[in-house]
Amino acid sequence: MTSETPYQHASAVSPVGCPARHNGTWPLTFSPLEYADRLLRTKTLMKAQGIEVLLVFDPANMNYLTGYDGWSFYVPQLIVVALAEPEPLWIGRGIDLNGARETTYVDDGNIYAYSDRYVHHDHRHPMDFVAHILRERELDNARIGLDMDSYYFSARGFEVLRRQLPHANFTDVTRLISGLRSIKSPQELEYMRQAGQIMQRVMKVALGHIEPGIRQCDAVGEIYRAQMRGTQAYGGDYPAIAPMLPTGRGTSSPHLTWTDKPFVRDEACILELAAARYHYHCPMARTVYMGSPPKRLVDAAMIVADGVQAALEAVKPGATCEAIEAAWRSVTAPRGIVKESRIGYSMGLNYPPDWGEHTMSLRPGDRSVLEPGMTFHLIPGIWMDDWGVEISESFVVTADGHELLAPFPRKLFIKP
């Protein structure tokens, strides 16, 4: 550290606020009681695993614990949860300090921001600053939990922390908070149902613009417009994944986006899209064919739709993830459709680059038990050598089965 003040502190900008009180103009999406419950459950898990300090880098987990919401995750930022601290600490870039004050309930005295001299520098790193704050708060000589499999925590960052905090005992707690997020609260489910309402409108708009002669980019422009406009009752948010529109031979691969070329006759287009409400997602995939579809595509779409129905009928509390996949396979495999990869995953609150929660997968060997309030994207995409088909559903596990978040015709759409 140099002699200059190494950071800006929110309490130096304005008077210290009250814990669990939100003074910003940006609306908190949940009540203070719900945030308090999330923090309590996080600390309970930390105690059970012997973790004294938890460093939370994933922006979805940061949002889940504090409400923080900003497109600032391209530089290091985090929430610190410590058993010895009554509320979390927010640590991020200086220009995002007011964003933390606007969107979180965190007391100003627990908001820290590093200067831009730490940003993209060869010889200093934001984790140098984080280590300074941990020492200042006497949290450096502790068992510190990290999500070592996060998109947002780099190998260099870890090396800096290890060097700066030689007395800390680091341990991997990947998916600790993601596991807590798997069961949604009533308010979370309401946001996902709202996303489902938006999703139905988005898919209608998308299908209406998949026509020969229309440029793919123009169709995507209308899709984005529908995603953000939402409904008359509530607007949409940006999804964690861009619209995916593999077309023609591109339907043999799931993760292609779009070009500026026009759609042409006698080709298929796969639409894998999502709508989001306060970053809570509802994805959906459908396949459309412009012209007279080949029999193999018609047959495959029918088999996939039947398999999806069988999988949904197997959903109930107490069932396992692998049992849902087995129900799908029991219908599709005898009819010649075999899928090696998983057919779905848990999803909900997230930021780019993915709306999945990285916890449960619908595949053989995953014996995770379904509970009411869990939400999944069931997407048994089939990708062959030069063609493919996707038909998916987002659902929530209920007390006696499942609820579709975005009911929509489950079929191959044909545009003669």
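Which residues lie nearest the centre of the largest pocket? Of the 14 residues that line the largest pocket, His255, Glu272, Arg342, Tyr345 and Ile379 lie nearest its centre.

The views below show a predicted model, in which local features need pLDDT of at least 70 and side-chain atom pairs count only at pLDDT 80 or more, while totals for chains, interfaces and linings use all residues. Residues are numbered from 1 along each chain as its sequence is written, and side-chain values use heavy atoms, with hydrogens and water left out.

View 1. The largest pocket has a volume of about 250 Å³. A pocket is an open set of points on a 1 Å grid over the protein atoms alone, with protein on both sides within 12 Å along at least five of seven lines; lining residues have an atom within 4 Å of a point. Grid points are joined across faces, edges and corners, and a volume is the space filled by probe spheres set on the points. The lining of the largest pocket divides into 7 nonpolar, 3 polar and 4 charged residues. Here Ala, Val, Leu, Ile, Met, Phe, Trp, Tyr, Cys and Pro count as nonpolar, Asp, Glu, Lys and Arg as charged, and the others, Gly among them, as polar.

**View 2. The largest cavity.** The structure holds 1 cavity of 30 Å³ or more, and the largest cavity has a volume of about 80 Å³. A cavity is a set of grid points where a 1.4 Å probe fits but cannot get out. The lining consists of Leu54, Leu55, Val56, Phe57, Asp58, Asn61, Asp147, Val173, Arg175, Leu176 and Ile177. Strand 2 (53-56) and helix 6 (176-181) are the elements that give two or more residues to this lining. Helices (H or I, at least four residues) and strands (E, at least two) are DSSP runs, numbered from the N terminus. Strand 2 provides the largest share of the lining, 3 residues. By class, the lining of the largest cavity has 7 nonpolar, 1 polar and 3 charged residues.

View 3. Strand 2 runs parallel to strand 6 (residues 143-146), and 3 bridges join them. Two strands pair if DSSP finds at least two bridges between them. Val53 stands opposite Ile144 in strand 6. Strand 6 also pairs with strand 7, in the parallel sense, over 4 bridges, and Gly145 stands opposite Thr171 in strand 7. Arg175 is placed in the loop between strand 7 (169-172) and helix 6. Phi of Arg175 is near 75 degrees, a positive value in a residue other than glycine. Arg175 is also one of the residues that line the largest cavity.

**View 4. The packing of helix 4 against helix 5.** Helix 4 (residues 126-136) and helix 5 (residues 155-164) pack at an angle of about 35 degrees, and their axes are 9 Å apart. Axes are lines fitted to C-alpha atoms, for helices over the stretch in contact, and angles run from 0 to 180 degrees between N-to-C directions. The two helices cross in the right-handed sense. A crossing is right-handed if the near helix is turned clockwise from the far one by less than a right angle, and left-handed if anticlockwise. Helix 4 makes the contact through Met127, Asp128, Val130, Ala131 and Arg135, and helix 5 through Gly157, Val160, Leu161, Arg163 and Gln164. Contact means heavy atoms within 4.5 Å. This contact has 5 nonpolar, 2 polar and 3 charged residues.

View 5. Strand 8 and strand 9 (residues 280-290) run antiparallel and are joined by 11 bridges. Leu273 has Met284 as its bridge partner in strand 9.

View 6. Strand 15 (residues 393-397) is joined to strand 16 by 3 bridges, and Val397 has His402 in strand 16 as its bridge partner. The loop between strand 10 (344-347) and strand 11 holds Pro353. The peptide bond from Pro352 to Pro353 is cis, with omega near 15 degrees.
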